[in-house]
Amino acid sequence: MAVRVIVDVKAKPGTGGEVVAFFRSILPETRAYKGCSSVHTLQNHDDPDNVMLVEDWDSHEQHREYLAWQRERGTSSRLIDALAEQPSVRYFDVTDA
């Protein structure tokens with residue numbers, strides 16, 4: 001079943017633009033990863049250190065495989081180092097697919 005993943009991150013104060021640039025650098029590979037239909041980056045207009053990813057995946061399992069791949073590459077730890085707090089990751093079943 002198709003799944004929408006919402007990743008909500010809080011960058012360290014004043015570094016939201018750097019987090020957006022980080023996502024911009026890795027998202028071409030994300031979009032090419034098996035099962036990824038789309039990924040969009042959103043930066044909060046009123047709080048630029050709040051950044052969200054809205055991802056569409058063919059399945060929850062494919063997203064988990066992608067996350068494991070990013071952990072193996074060290075990408076996840078680089079992101080965590082740039083954040084003020086742990087990211088929030090939520091999964092939603094796409095009911096209109």
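What share of the contacts in the chain with a separation of 6 or more comes from residues 24 or more positions apart? The share is 71%. The legends below describe a predicted model.

View 1. The fold contains 3 helices and 4 strands. Along the sequence they follow the pattern β-α-β-β-α-α-β. The chain is as compact as a globular protein of its length, because its radius of gyration of 13 Å is close to the 13 Å that the globule rule gives for 97 residues. Along the principal axes, the C-alpha atoms fill a box of roughly 40 × 30 × 20 Å. Of the contacts with a separation of 6 or more, 71% join residues 24 or more positions apart.

View 2. Buried residues account for 38% of the 97 residues. The chain carries 11 positive and 16 negative charges. The mean position of the positive charges lies 3 Å from the mean position of the negative ones.

**View 3. The largest nonpolar core.** This core holds 19 residues. Val-9, Val-19 and Phe-23 have the most contacts inside it. Four elements each supply at least two of its residues: strand E1 (3–10), helix H1 (16–32), strand E2 (36–43) and strand E3 (50–57). H1 gives the largest share, with 6 residues.

**View 4. Contacts of Val-19.** Val-19 is among the core residues with the most contacts inside the core. Neighbours within four places in sequence are left aside here. Val-19 is then in contact with Val-9, Ala-11 and Val-51, and also with Leu-79, Ala-82 and Leu-83. One of these partners, Val-9, is itself listed with Val-19 and Phe-23 for the most contacts inside the core.

**View 5. Gly-17 in helix H1.** Gly-17 sits in helix H1. Its relative accessible area is 45%, so Gly-17 is partly exposed. Gly-17 and Pro-48 are 31 residues apart in sequence. In space, their C-alpha atoms are 7.3 Å apart.

**View 6. Gln-62 in helix H2.** Helix H2 spans residues 60–73 and includes Gln-62. Gln-62 has 15% relative accessibility and therefore counts as buried, the cut-off being under 20%. Not counting residues up to four places away in sequence, Gln-62 touches Tyr-33, Lys-34, Gly-35 and Trp-57.

**View 7. Ala-68, also in helix H2.** Ala-68 is found in helix H2. With a relative accessible area of 26%, Ala-68 is partly exposed. Ala-68 and Ala-32 are 36 residues apart in sequence. Their C-alpha atoms lie 16 Å apart in space.

**View 8. Asp-58 in the loop between E3 and H2.** Asp-58 is placed in the loop that links E3 and H2. At 45% relative accessibility, Asp-58 counts as partly exposed. Phe-92 is 34 residues from Asp-58 along the chain. The C-alpha atoms of Asp-58 and Phe-92 are separated by 12 Å.

Technical notes:
Residues are numbered from 1 along each chain as its sequence is written. This is a predicted model: local features need pLDDT of at least 70, side-chain atom pairs count only at pLDDT 80 or more; totals for chains, interfaces and linings use all residues. Side-chain values use heavy atoms; hydrogens and water are left out. The radius of gyration is taken over C-alpha atoms; the globule rule is 2.2 Å times the number of residues to the power 0.38. Buried means under 20% relative accessible area, exposed over 50%, partly exposed in between (1.4 Å probe, protein chains only). Contact means heavy atoms within 4.5 Å. Lys and Arg count as positive and Asp and Glu as negative; His and the chain ends are not counted. The place of a charge is taken as NZ of Lys, CZ of Arg, CG of Asp or CD of Glu. A nonpolar core is a set of buried Ala, Val, Leu, Ile, Met, Phe, Trp, Tyr and Cys residues joined through side-chain atoms within 4.5 Å.
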